[in-house]
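Here is a short briefing on one structure. Look over the sequence and the model, then read on.

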Amino acid sequence: MKSCCKDAFETDGNKPKQANILFRILAFPFILLIRFYQLVISPVLGPKCRYTPTCSQYSLEAFKKYGIFKGFWLSLKRIVSCNPWGGSGPDPVP
């Protein structure tokens, strides 16, 4: 007989499944903000990113993959490095 709570305590690596879901829920407003930027603001400004994928796409992938804390940190590092003296070229989400 299956337990009704079995899935609630399955692990994804070392993290409980519930914690992973909570981090994704907390990241959702940031994902919406990034999508708003991609759909409304970015077309007006034009392509300016030095990296592939673009900084907004990188941030979107980081929030989806890692959640709010690590996703925010990776996004911040990427945006800060996107300047004339920073790097360029391919830079996928780790």
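Is Phe-63 buried or exposed? Phe-63 is buried, because its relative accessible area is 4% (buried means under 20%, exposed over 50%, partly exposed in between, with a 1.4 Å probe and protein chains only).

This is a predicted model, in which local features need pLDDT of at least 70, side-chain atom pairs count only at pLDDT 80 or more, and totals for chains, interfaces and linings use all residues. Residues are numbered from 1 along each chain as its sequence is written, and side-chain values use heavy atoms, leaving out hydrogens and water.

**Helix 2**
- Helix 2 covers residues 55-66, 12 residues in all (helices are DSSP runs of H or I with at least four residues, strands are runs of E with at least two, and both are numbered from the N terminus).
- From first C-alpha to last, helix 2 reaches 16 Å, close to the expected 16 Å (1.5 Å times one less than the number of residues).
- Its buried residues are Cys-55, Ser-56, Tyr-58, Ser-59, Leu-60, Ala-62 and Phe-63.
- Gly-67 follows helix 2 and has a positive phi, near 90°.

**Aromatic contacts**
- The structure holds 2 aromatic pairs (ring centres of Phe, Tyr or Trp, the latter by its six-membered ring, within 6.5 Å; planes under 30 degrees apart are stacked, over 60 edge-to-face, the rest tilted).
- Phe-30 and Phe-63 are stacked, because their ring centres are 5.2 Å apart and their planes at 5°.
- Phe-30 lies in helix 1 and Phe-63 in helix 2, so this pair ties together parts 33 residues apart in sequence.
- Phe-30 counts as partly exposed, at 30% relative accessibility.
- Phe-30, Phe-63 and Phe-72 form one aromatic cluster.

**Charges**
- The search of the whole structure finds 1 salt bridge (a side-chain nitrogen of Lys or Arg within 4 Å of a carboxyl oxygen of Asp or Glu).
- Asp-91 forms a salt bridge with Arg-78, with the closest N and O atoms 3.6 Å apart.
- This pair links distant parts of the chain, 13 residues apart: Asp-91 in the segment after strand 4 (89-90) and Arg-78 in helix 3 (residues 68-81).
- Arg-78 is buried at 2% relative accessible area, whereas Asp-91 is partly exposed at 26%.
- The charged end of Arg-78 also sits over the ring of Tyr-58, 4.4 Å from its centre (CZ of Arg or NZ of Lys within 6 Å of the ring centre and within 35 degrees of the ring normal).
- The charged end of Lys-70 sits over the ring of Tyr-66, 4.4 Å from its centre.
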